[in-house]
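Subject: Structure handover

Hi,

Here is the structure I promised to pass on. Please open it beside this email and follow along.

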Amino acid sequence: MIDHIGLAVSDIARSRTFYERALAPLGMKVVATIPPERTGHGGTVVMFGGDEGPTFVIAGDEERPGEGTHVAFRAGTRDQVQAFHAAALAAGGRDNGVPGLREHYGPTYYAAFVIAPDGFNIEAVCHAPE
């Protein structure tokens, strides 16, 4: 199952305004904004979603559109996140973040990241506390 999708944008303020207005009729709103000093990569992140949390993410200031295409798949356990990372590397992916907690995204946000052969940032994330 897909946890969330993220896109790099060229102007974070302009894109935030656009998506806030465009997604409101769908029941989506800004659920979190992470400033550059907390993202770990120097760009602002704006997360959109509903009661279930973020499902669509835009990131600005550090990547060109297209480069920042990001898909996160939901894992049921932390072991699955670790297995995803190992399997993706064995399949030719490039490491983009070893399995571990990413507390700047949430206290139980356990994830791993790989760069797929076409340059997409692919993530597996588990939200369970252990």
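Below is what I found in it, topic by topic.

**How to read it**

This is a predicted model, so local features need a pLDDT of at least 70, side-chain atom pairs count only at pLDDT 80 or more, and totals for chains, interfaces and linings use all residues. Residues are numbered from 1 along each chain as its sequence is written, and side-chain values use heavy atoms, with hydrogens and water left out.

**Confidence**

pLDDT is the predictor's confidence in each residue, from 0 to 100. The protein averages 87. At least 70 is reached by 90% of the residues. Among the elements, strand 6 (residues 94-101) has the highest mean pLDDT, 96. Helix 2 (residues 36-39) has the lowest, 76. Where pLDDT is low, the predicted coordinates should not be read in detail.

Helices and strands here are DSSP runs, numbered from the N terminus: helices are H or I with at least four residues, strands are E with at least two.

**Salt bridges**

A salt bridge is a side-chain nitrogen of Lys or Arg within 4 Å of a carboxyl oxygen of Asp or Glu. How many salt bridges does the structure hold? It holds two.

One joins the side chains of Arg74 and Asp3, at 2.8 Å from N to O. Arg74 lies in strand 5 and Asp3 in strand 1, so the pair ties together parts that are 71 residues apart in sequence. Are these two residues buried or exposed? The terms come first: buried means under 20% relative accessible area, exposed means over 50%, and partly exposed is in between (1.4 Å probe, protein chains only). Asp3 is buried, at 4%. Arg74 is partly exposed, at 40%.

Arg16 forms a salt bridge with Glu20. Their closest N and O atoms are 3.6 Å apart. Both residues lie in helix 1 (residues 12-23), four residues apart, which is about one turn of the helix. Arg16 is partly exposed, with a relative accessible area of 26%. Glu20 is partly exposed too, at 34%.

**Two buried histidines**

Start with His4, in strand 1. His4 is buried, with a relative accessible area of 6%. Its side chain makes a polar contact of 2.7 Å with the side chain of Asp3. A polar contact is a pair of N or O atoms within 3.5 Å; within protein, one must be able to donate a hydrogen and the other to accept it, and residues adjacent in sequence count only if both atoms are side-chain atoms. Asp3 also takes part in the salt bridge with Arg74.

Leaving aside neighbours within four places in sequence, His4 is in contact with several residues, including Pro54, Phe56, His70, Tyr109 and Glu123.

Now look at His85, in helix 3 (residues 78-90). His85 is buried, at 8%. Which side chain does the side chain of His85 join in a polar contact of 2.7 Å? It is that of Asp95. Beyond four places in sequence, the contacts of His85 include Asp95, Gly97, Pro99, Ala112 and Val114.

**Around helix 3**

Phe84 also lies in helix 3. Leaving aside neighbours within four places in sequence, Phe84 is in contact with Ala112, Val114, Ile122, Glu123 and Ala124. Phe84 and Pro99 are 15 residues apart in sequence and 9.3 Å apart in space, C-alpha to C-alpha.

Ala75 is in the loop between strand 5 (70-74) and helix 3. Ala75 is buried, with a relative accessible area of 13%. Ala75 and Val125 are 50 residues apart in sequence, but 5.5 Å apart in space, C-alpha to C-alpha. Beyond four places in sequence, Ala75 is in contact with Gln80, Val81, Val125 and Cys126.

**A nonpolar patch**

Ile2, Ile5, Leu7 and Phe73 form a nonpolar patch on the surface. Patches are made of residues with over 30% relative accessible area and no salt bridge; like charges are joined within 9 Å, nonpolar side chains (Val, Leu, Ile, Met, Phe, Trp, Tyr) within 5 Å. Together the four have about 300 Å² of accessible area, by the Shrake-Rupley method with a 1.4 Å probe, where for residues only the protein chains shown count as cover. Strand 1 (residues 2-9) gives the largest share, three residues. Phe73 is in strand 5. Phe73 is partly exposed, at 36%.

Best wishes

Conventions
Contact means heavy atoms within 4.5 Å.
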